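Please study the sequence and the model before working through each solution.

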Amino acid sequence: MRAQYRLPGLAVTDHAFALPLDHAEPARGTIEVFARELVDPARADEQLPWLLYLQGGPGGKSPRPLNATAGWLGHALKTHRVLLLDQRGTGRSTPLTARTAARFGTARQLADHLARFRADSIVADAELIRRHLCGDAPWETLGQSYGGFLTLSYLSAAPEGLRACYVTGGLPGLDTTADDVYAATYPRVREKTARYYARYPGDRELLRRLADLLDRQPVHLPDGDRLTVRRLRTLGLLLGMGEGAERLHWLLDEALDPDGRPSATFLHQVANLTGFTDNPLFAVLQESIYGRPGTATDWAAARAMPDHPEFAEAADPLLLTGEMLYPWMFEEIAALRPFAEAVHLLAERTDWPELYDPARLAANPVPVAAAVYHDDMYVDAGLSLRTARAVGSLRAWVTNEWEHDGVTASGDRVLARLMDLAAGRR
């Protein structure tokens with residue numbers, strides 16, 4: 001399928017590709033993978049280089065273009081034809097949702113299906129799409145967050161398809177286990193919460209008050225889910241973004257009605273922020289992206305929490321949680337319940353393939369420029385810099401000017417600098 005149309009400042013082509021569900025065994029059937037091509041209308045007939053955008057996640061669909069002249073997209077469109085990929089299972093790419101998950105006959109069937117939605121499969125999808133659109137010509141990639149994980153998998157599996165790569169907040173540890181990740185994550189989240197309370201000291205008392213209220217009496221969200229203290233704490237996921245502290249503060253500003261009960265406005269927003277309705281794969285695959293041969297992830301975040309007693313629910317201050325996922329979420333959150341048994345099976349799985357080839361990455365000839373955010377709550381800067389030293393032709397730029405969303409929050413500055421770095425202009 002191919003549909004062409006115009007948006008303000010954009011010539012758009014929508015592509016839908018029938019691709020193998022299992023690239024190792026194509027006879028298992030196909031799924032549809034959607035991608036949106038964008039180009040400056042004045043240059044639509046030119047042979048421009050391609051830039052593939054690899055969205056964060058896992059489980060994040062590509063951004064929907066709102067402004068053709070602003071931000072990283074506006075900068076890219078000056079010189080490139082941009083492809084926004086809905087990674088398999090997201091957006092318009094045969095989406096995996098609570099409804100579709102419930103159709104699987106057994107949890108084992110669903111778990112085996114989900115195991116084909118990791119980085120290796122996404123990279124194989126991208127290579128087939130590249131050959132369809134570009135022939136033998138390589139393209140460039142911009143990988144945000146998890147998109148950087150995909151970039152290193154791409155460089156490991158098919159570097160011939162890449163001309164240059166830009167990574168923002170997404171250099172993974174090449175030999176890092178889920179246990180390593182969460183051992184580093186809890187201290188970073190503790191620090192982010194402390195900074196938040198220092199900026200908004202009244203919110204510390206308000207969150208403790210809310211937690212005590214939720215302990216005393218049941219409070220339900222608009223979809224019927226109960227709002228528990230542990231679900232309230234997941235709002236800490238906001239704190240890793242540039243405006244996250246402000247978003248959380250203004251959410252809490254209207255948290256209570258005059259009678260001291262949680263307001264309808266607050267409950268509606270909490271349901272949207274913590275419900276995973278739009279991106280269940282973020283929760284479902286969060287630990288599986290760290291799966292390595294012979295090692296089960298085994299709910300690493302949950303196992304690590306007792307090592308950090310300051311995260312106890314009764315503690316004061318009440319510490320929020322970040323990108324950590326826990327078994328209880330698949331019991332208490334409606335959009336995740338159909339995945340529950342399958343996710344437990346994924347947590348036990350040990351037959352994961354390697355996603356990165358250290359030897360090939362060490363010899364990598366493709367120019368890579370990576371922004372490492374010094375204070376990143378989601379991706380540990382220390383692990384990222386260790387990887388930067390292990391990858392050939394990679395230039396790292398360490399900055400604390402932005403949080404994890406620097407590629408969007410900075411306008412065009414982050415991508416412009418990375419393009420200069422990769423081209424040797426800085």
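Arg349 counts as buried, at 19% relative accessibility, where buried means under 20% relative accessible area, exposed over 50%, and partly exposed in between (1.4 Å probe, protein chains only). The model is predicted: local features need pLDDT of at least 70, side-chain atom pairs count only at pLDDT 80 or more, and totals for chains, interfaces and linings use all residues. Residues are numbered from 1 along each chain as its sequence is written, and side-chain values use heavy atoms, with hydrogens and water left out.

**Exercise 1.** Identify the salt-bridge partner of Asp14 and locate both residues.

*Solution.* Step 1: the partner is Arg36, with the closest N and O atoms 3.0 Å apart. Step 2: this pair links distant parts of the chain, with Asp14 in strand 2 (residues 10-20) and Arg36 in strand 3 (residues 30-39), 22 residues apart. Strands are DSSP runs of E, at least two residues, and helices are runs of H or I, at least four, numbered from the N terminus. Step 3: Asp14 is buried because its relative accessibility is 5%, and Arg36 is buried because its relative accessible area is 8%.

**Exercise 2.** Describe the salt bridge between Arg337 and Asp225.

*Solution.* Step 1: the closest N and O atoms are 2.8 Å apart. Step 2: Arg337 lies in the loop between helix 13 (329-332) and helix 14 (340-348), and Asp225 in the loop between helix 7 (201-216) and helix 8 (229-233), 112 residues apart. Step 3: Arg337 is partly exposed, at 38%, whereas Asp225 is buried, at 2%.

**Exercise 3.** State which residues have the most contacts inside the largest nonpolar core.

*Solution.* Step 1: such a core is a set of buried Ala, Val, Leu, Ile, Met, Phe, Trp, Tyr and Cys residues joined through side-chain atoms within 4.5 Å. Step 2: the largest has 115 residues, and those with the most contacts inside it are Leu114, Trp139, Tyr182, Phe266 and Phe330. Step 3: helix 6 (residues 178-199) gives the most to this core, with seven residues.

Conventions
A salt bridge is a side-chain nitrogen of Lys or Arg within 4 Å of a carboxyl oxygen of Asp or Glu.
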